[in-house]
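User: I'm new to reading structures. Could you walk me through this one?

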Amino acid sequence: MRYSFIKPREKRLISAEFQLLFFFFSITVGMLFASYSYLKIKTIMYESNVETLLAKEETLRQNIVDMHGKIAFIEIEKQHSEGIYTANTVLKESIHNLFDLVPEKITLSQALLKEDELVLYGVTPSKEVYEYLLLAPLRSIFHRSYTSYYAMPNGWYSFVSKNYLDRELAVQ
Amino acid sequence: MKLSRLIKNLYQQVFIGIVVQQSSVRICVQMRKGSKVDREVCKEFEISGGKPSPAVNGFIKEYMDESPFAYTAVLNDALHQGAVPTCSMHEAENFSDLGSSVTLCNENKWMVFAEKSELNSLQKRFSMNGLDFIFSPFFILSTFFTDKTGGKTSLLVLIQEDYLSLCIFSEGKLLFANHYTTINAVEDESMSSDMGESAAESLGFDLEEENLSINLDDLDNLDELDALDDLDNLQDLDDLDDLDEIVDFEESLNEAVEESEVALEEAKTKYDHKVDNFSDDYKRFQIIQAALQHFYHDEKYDNQFVEEAYIADACGTGQDLTRFIEEELFVTVYKRNIELEKEIVKMAISEAKYAI
């Protein structure tokens, strides 16, 4: 029950001066805390970025290693292809040379070109034409040459020429 | 428990009770922590015109600075204040004009009022430190005699040095209340001893019994003036030579008068305090008598007879007042001393529970 004609004044724990001081102090502390929080967040973000970058670096390093592997493989492939290309060129040249070797009087019906072996099927007007015009250059290229002749009704001869390269002799 | 109450209990609370009289102010300071009283200091200061002196303000401020929860309570010393036996403003108009008053209802039975301007004036007087509570003397009185208001028709009187508040309760209901100042009357009494004598005469008291008068018969010197016999008949004076005797007589008469004046002063000094008390008590009695007559004669109050009177004495009245009331008004009187400033502190403590 109220007994007083007036209401009591509001009681404050702290005076107005202290309130002002506390206000500014709070602002200062608040700013410090905000700065600290900003820096803390930035640090966390930076650390997170560093981690991401490190992971990325690791990935890239792994990629580089893979790349190096691939490059080595490609280089081997290149070397291999160059070998094939060289072999093909050599083969091409050989075939070209082979066809250059065949005189106009002799007609080839089939040629089988193997690694160390050349088998020729054809028709020649005579055995001498064959021996002088084709067998001589073949013997200069291959180590061994065997020729079989078959007489044709028109007087010509069909022949089968088997020529072999001996690997051991070629290396020497 | 509310947070504010918890904080309050952690802090020390200071309650300052102030009772203002015209020439003095009594202050009681109670420092509490929770429900425990830490310290209590009471002091009286001399002031003039009822305005607190710098010393008073300094004393109050000293203790207000002790805690943020310091409450200052003062007893309303306004002349225009009182109480009416209703809480309805419409019905209250039959008892007093409350147009410019602040009112406080008590248990929806009766209410106290005080002039707004006088409350403002009181707050202004204490504006240096400010006030939290202003209490009506009637609330103090009804709380102090709370066990006496529920019975038969009783007169409750609060006597302060300069003020007198009285109210009449019957079976818990307030019937009549009024507040008076005694300061002018008491000053007049002190200034004029004649009034005291007339008061004593009107009451039939024999002041001589109390040795309050000076008996000039006791002065032997006057009897020894034989020359007076010679002056019984001036016609017997034969010649002017007898004038020497007249001169001698005049001298001896002057001496006698001087001696009697000294004796009178001594007697005055000796009994001055007693006479003052007597006149104060008588004046208070006159106020109570007039109030009771008003109560008995006013039809509003149902012609109830006051059987008992309870006096809360805050200024140390003599036994005369009790005697006057008992013998003249035929009322049984019970007197109880009251330390008003402490009662105000008690009330402030109960009120502070509801404060923010």
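**Strands in chains B and A**

User: How many residues does the hairpin use to join E9(B) to E10(B)?

Analyst: Keep in mind that this model is predicted, with pLDDT of at least 70 needed for local features and 80 or more for side-chain atom pairs, while totals for chains, interfaces and linings use all residues. Residues count from 1 along each chain as written, with chains lettered from A and ligands numbered from 1 in written order. Strands E9 (154-159) and E10 of chain B run antiparallel, joined by six bridges. The hairpin connects E9(B) to E10(B) through three residues.

User: Which residue of E10(B) is the bridge partner of Ile159(B)?

Analyst: Strands are DSSP runs of E, at least two residues long, numbered from the N terminus, and two strands pair if DSSP finds at least two bridges between them. In E10(B), the partner of Ile159(B) is Leu164(B).

User: Which residue in the turn between E10(B) and E11(B) has a positive phi?

Analyst: E10(B) also pairs antiparallel with strand E11 (173-181) of chain B, over eight bridges. Along this pairing, Cys167(B) stands opposite Ala177(B). The two strands form a hairpin with two residues between them, and the positive phi, about 50°, belongs to Glu171(B).

User: How many residues of E10(B) are buried?

Analyst: Buried means 20 or more other C-beta atoms, placed from the backbone, within 10 Å of the residue's own. Tyr163(B), Ser165(B), Cys167(B) and Phe169(B) point one way, Leu164(B), Leu166(B), Ile168(B) and Ser170(B) the other, and all are buried. The count for E10(B) (163-170) is eight of eight.

User: Which strands stand at the edges of the open sheet in chain A?

Analyst: Its four strands have the order E1-E2-E4-E3, with antiparallel pairing. Each edge strand has a single partner, so one side is left without a neighbour in the sheet: these are E1(A) and E3(A).

Conventions. A residue is buried if 20 or more other C-beta atoms lie within 10 Å of its own, exposed if 12 or fewer, and partly exposed in between; C-beta atoms are placed from the backbone.
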